[in-house]
Amino acid sequence: MTDTACFVIHARWVIPVQPADCVLEHHAVVVHGGRITAVLPSDQAREAFPDLTQIERPGHALIPGLVNAHTHAAMTLLRGLADDLPLMPWLQQHIWPAEQRFVGPQFVRDGSALAVAEMLQAGITCFSDMYFFGEETAQVAASAGQRAVIGLIAIDFPSAYASDADDYLRRGLALHDAWRDHPLVRTAFAPHAPYTVSDAPLRQLATLADELDLPLHIHLHETAHEVAESEARFGVRPLERLAGLGLLSPRLIGVHATQLLGGEMASLGTAGASVVHCPESNMKLASGTCPLPALLAAGVNVAIGTDGAASNNDLDLLGELKSAGLLAKLAAGDAAAVPAPALLHMATLGGARALGLDEEIGSLQPGKAADLVALDLSAPHCQPVHDPISQLIYAAGRQAVTDVWVAGRPLLQARRLTTLDVDAIVDRAADWGERIAAADRHAAP
């Protein structure tokens with residue numbers, strides 16, 4: 001197949017996500033100029049479009065590209081550095097010292113390349129990032145052909161990236177201006193967390209987000225310690241403080257949200273805000289359990305994120321969906337809680353909606369960008385297929401991903417990446433790993 005972004009793909013099952021719980025058997029998706037122009041039965045597609053390239057995937061499910069709504073891409077280089085530790089020793093003794101020593105443009109470039117390769121192989125066509133040197137991550141994603149929302153990081157303390165709140169804002173606005181017209185790269189304001197960003201910058205970001213029509217992406221109610229600290233410092237819980245500063249709106253993307261009261265969930269739903277659920281990171285760091293069924297009942301748009309590979313340890317959104325579903329059922333004591341179609345919605349249209357991209361991606365509908373993923377369900381571990389959506393969530397796994405397109409461009413074909421030199425990426429990651437591990441051994445108490 002050429003790179004012309006015009007073709008017809010035939011699949012055993014086409015799962016458009018919208019309408020919900022819809023599975024179209026023996027259907028085809030027609031792509032022209034990088035956009036979906038039709039979804040129709042395969043026999044009709046062959047008759048109507050005989051001159052287009054016909055791609056046959058007879059044992060596959062075809063879904064919209066997965067949206068990883070929260071990650072720290074470059075932190076792939078810290079994967080497995082200090083596992084099985086409580087949050088603060090993990091951060092203070094290992095992660096923060098490694099970042100202080102090594103994070104710079106080349107670190108972010110190489111770590112982001114490793115992340116992009118892993119995410120594309122897992123069917124992730126769009127990711128929302130929060131990390132330093134976002135310029136590098138933007139360039140890596142754009143060069144690979146992957147869609148990305150790059151966080152304009154804001155934090156009170158200095159780093160290798162910026163010296164103070166004003167410097168972070170200056171660099172963030174410059175990044176936004178540099179990429180504002182790119183077809184694949186968007187930006188979002190990304191204040192790190194309520195406990196690391198003071199009132200004045202948060203208030204300013206709320207105003208700028210409205211002016212520039214950008215999302216606001218922030219860690220929120222991640223741990224009980226965060227909530228208790230906010231009550232001690234500010235006299236209110238974090239969400240109430242953000243609301244008072246003007247951040248509670250449809251632009252708000254609150255990540256983790258393991259510590260929410262009923263009234264807070266209602267406020268998020270009324271405001272049209274989104275929550276990004278990162279179940280495996282939350283479990284690994286023992287941060288708490290996101291109240292997923294209650295959030296959905298409150299009308300909150302929920303997306304799914306992997307978090308960074310330092311606390312996960314992979315960038316596997318299908319794995320997150322299985323974890324999210326099982327955890328929700330266990331926590332609710334209800335095996336019917338959060339069924340498979342709702343989970344798939346979170347990783348596609350829910351993620352797109354959180355990022356303000358739901359008119360462009362997230363479902364297989366005419367007029368939308370052709371961000372597509374084909375998954376082979378013919379392997380023994382996926383047979384028999386009683387329900388394709390359930391099979392995707394509970395059985396298939398990322399190893400089932402065979403093909404990925406973004407805007408009609410093939411980025412993964414027959415499980416091989418087409419725009420990235422995987423061997424070179426892995427070699428650079430191994431070099432970083434040796435340097436980081438040596439420094440961590442030397443610094444460890």
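Is Asp-177 buried, exposed or partly exposed? Asp-177 is partly exposed, with a relative accessible area of 44%. The cut-offs are these: buried means under 20% relative accessible area, exposed means over 50%, and partly exposed is in between, with a 1.4 Å probe and protein chains only.

Some ground rules. This is a predicted model, in which local features need pLDDT of at least 70 and side-chain atom pairs count only at pLDDT 80 or more, while totals for chains, interfaces and linings use all residues. Residues are numbered from 1 along each chain as its sequence is written, and side-chain values use heavy atoms, with hydrogens and water left out.

Salt bridges, then. Asp-177 forms one with Arg-180, and the closest N and O atoms are 3.2 Å apart. By salt bridge I mean a side-chain nitrogen of Lys or Arg within 4 Å of a carboxyl oxygen of Asp or Glu. The whole structure has 19 of them. Asp-167 and Arg-170 make another, at 2.6 Å from N to O. These two are 3 residues apart in helix α5, so about one helical turn separates them. Asp-167 is buried, at 15% relative accessibility, whereas Arg-170 is exposed, at 52%. There is also a network of salt bridges that links Arg-79, Glu-118, Asp-316 and Arg-398.

On to helix α5 itself, residues 165-179. Helices here are DSSP runs of H or I with at least four residues, strands are runs of E with at least two, and both are numbered from the N terminus. The expected span of a helix is 1.5 Å times one less than its number of residues. For the 15 residues of α5 that gives 21 Å, and the end C-alpha atoms are 21 Å apart, which agrees. At the start of α5, a side-chain oxygen of Asp-164 comes within 3.2 Å of the backbone nitrogen of Asp-166. That is a polar contact: a pair of N or O atoms within 3.5 Å, where, within protein, one must be able to donate a hydrogen and the other to accept it, and residues adjacent in sequence count only if both atoms are side-chain atoms.

Which residues of α5 are buried? They are Asp-167, Tyr-168, Leu-169, Gly-172, Leu-175, His-176 and Trp-179. Their cover includes α4 (134-144), β7 (147-154), β8 (185-191) and α6 (199-212).

Next, helix α3, residues 105-121. Of its 17 residues, 13 are buried, so the helix is mostly covered. Ser-112 sits in α3 and has a relative accessible area of 0%. Leaving out residues up to four places away in sequence, Ser-112 touches Ala-73, Ala-74, Thr-137 and Val-140, where contact means heavy atoms within 4.5 Å. After α3 comes Gly-123, with a positive phi near 85°.

Glu-264, in helix α9 (residues 262-271), is buried as well, at 10%. A polar atom of the Glu-264 side chain lies 2.7 Å from the backbone nitrogen of Leu-261.

Two strands pair if DSSP finds at least two bridges between them. β2 (residues 24-32) and β3 are antiparallel over 6 bridges, and Val-30 has Ala-38 in β3 as its bridge partner. Their hairpin has 2 residues between the strands, and Gly-33 there takes a positive phi near 60°.

Glu-25 is in β2 and Arg-12 in β1 (residues 7-14), so the pair ties together parts that are 13 residues apart in sequence. Glu-25 is partly exposed at 43%, and Arg-12 is partly exposed at 22%.

Last item: how many disulfides does the structure hold? The count is 0, with a disulfide taken as a pair of cysteine sulfur atoms within 2.5 Å. Cys-278 is buried, at 0%. Its closest cysteine sulfur is in Cys-290, 8.7 Å away, which is too far for a bond.
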